[in-house]
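User: Can you walk me through this model? I'd like the strands, the turns and the surface charge.

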Amino acid sequence: MQETMKDFEDEINAGFRTFRQGDKVTGMVVSVEEEEVLLDLNTYSQGVIPAGEYSDDPAFHAMDEIRTGESLEAVVLEPDDGQGRVLLSLREAREEKAWERMRQALEDRRVFSVKVLTSVNAGVVAFVDGIRGFIPASQLALEYVEDVDQFVGETLEVIVITADPEKRKLVLSAKEVARERAAEEQKRKLNALQKGFITEGIIERIESYGVFVKIGGGLTGLVHISQICNKFLHSPNEVVKMGQRVKVKVLDVSEGKIRLSMKEAEDTAPEVAEDGEVSMEYHDGEATTSLAGLLAGIRIEE
């Protein structure tokens, strides 16, 4: 059947499509260079994305991120760049969606792995999804950070704590991630302790109602004054002192608190590690209970 001009009408109309500043267009990548990326817009005009419109992230490299033949969405900056091409921005097209993802990440508390690029006043800068993010010094670690320069070049796991696209303000926190993971680790350690475990620890605090004993692995338990010895005490200071190594038995672990007894541990000789500390190790999220593993120095009283 003989083709007529009408058969080519849609193609011809598409070829003469006009563009306006701010239009969103989609094209196929026909060429990738560090200086520019060329797109086939299915018109008589070719689209060009200059290097300055790739991304705000200085670590972005077109040769690594973009492939010939893939489809890209871009925003029209100028209908004609002076060479008959449509000047486009990949950065602007991706930015709107990236901010949407950042707002969702804020709600979901999604964890990102980011590389710190530079330090600024009172913090450091890292990019997430092409958006510049600020990590205040107070949000870099659980402990106080005096020298933020030590984090430059480091990879941190962070969550979004502020996402404001209107003010172009993205604030990240590594401290929140570290805090949540420390809490999870503490919970796993507490779950590994069982009623009847015997070990040794160091008295690190004395109160009128009892003593706090550090048993290792970042764990501390309370020995109530009634559980210190078999005689009545007006004060724990009558029989113990700060820094003293004592033998204790786990009475209970609940609501994140460890209750210990010194008097109930007296009749059982503990097997402890050489340094007297409780070793905590985890494999695939499950606790092991060997003396050299998860609870080194702890055993259940028979």
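**Strand pairing and turns**

Analyst: Strands β6 (residues 112-120) and β7 pair in the antiparallel sense over four bridges. Strands pair if DSSP finds at least two bridges between them. Helices (H or I, at least four residues) and strands (E, at least two) are DSSP runs, numbered from the N terminus.

User: What kind of model is this, and how are residues numbered?

Analyst: This is a predicted model: local features need pLDDT of at least 70, side-chain atom pairs count only at pLDDT 80 or more, and totals for chains, interfaces and linings use all residues. Residues are numbered from 1 along each chain as its sequence is written, and side-chain values use heavy atoms, with hydrogens and water left out.

User: Back to β7. Which residue is the bridge partner of V116 there?

Analyst: A126 in β7.

User: And in β8, what does A126 pair with?

Analyst: Its bridge partner in β8 is G133. β7 and β8 (residues 131-136) pair in the antiparallel sense, over six bridges.

User: Is β7 buried or exposed?

Analyst: Six of the six residues of β7 (residues 123-128) are buried, so the strand is largely enclosed by the rest of the structure. Buried means under 20% relative accessible area, exposed over 50%, partly exposed in between (1.4 Å probe, protein chains only).

User: What about the turn between β6 and β7?

Analyst: That hairpin has two residues between the strands, and A122 takes a positive phi near 70 degrees.

User: And the turn between β7 and β8?

Analyst: Also a hairpin, with two residues between the strands. D129 in the turn has a positive phi of about 55 degrees.

User: Where else do non-glycine residues have a positive phi?

Analyst: R168 and E255 are not glycines, and each has a positive phi of about 50 degrees. R168 sits in the loop between β9 (155-164) and β10 (169-173). E255 lies in the loop between β14 (245-254) and β15 (257-261).

User: How accessible are R168 and E255?

Analyst: R168 counts as partly exposed, at 48% relative accessibility. E255 counts as exposed, at 78%.

User: Switching to β1. What does β1 pair with?

Analyst: Among its partners is β4 (residues 71-78), antiparallel over five bridges. In β4, the bridge partner of K24 is V75. Four bridges also join β1 to β2, which run antiparallel. There, V32 stands opposite V37 in β2.

User: How many residues join β1 to β2?

Analyst: Three, in a hairpin. E35 is found in that loop, between β1 (24-32) and β2 (36-40).

User: Is E35 buried or exposed?

Analyst: Exposed, with a relative accessible area of 56%.

User: Which residues gather in the patch of negative charge?

Analyst: E33, E34, E35, D64 and E65 gather there, on the surface.

User: How is a patch defined?

Analyst: Patches are made of residues with over 30% relative accessible area and no salt bridge; like charges are joined within 9 Å, nonpolar side chains (Val, Leu, Ile, Met, Phe, Trp, Tyr) within 5 Å. A salt bridge is a side-chain nitrogen of Lys or Arg within 4 Å of a carboxyl oxygen of Asp or Glu.

User: Last one. Where is L193, and is L193 buried or exposed?

Analyst: L193 is in the loop between α4 (175-192) and β11 (197-207). L193 counts as buried, at 5% relative accessibility.

User: How far apart are L193 and V250?

Analyst: They are 57 residues apart in sequence and 7.7 Å apart in space, C-alpha to C-alpha.

How values were computed. Accessible areas come from the Shrake-Rupley method with a 1.4 Å probe; for residues, only the protein chains shown count as cover. Lys and Arg count as positive and Asp and Glu as negative; His and the chain ends are not counted. The place of a charge is taken as NZ of Lys, CZ of Arg, CG of Asp or CD of Glu.
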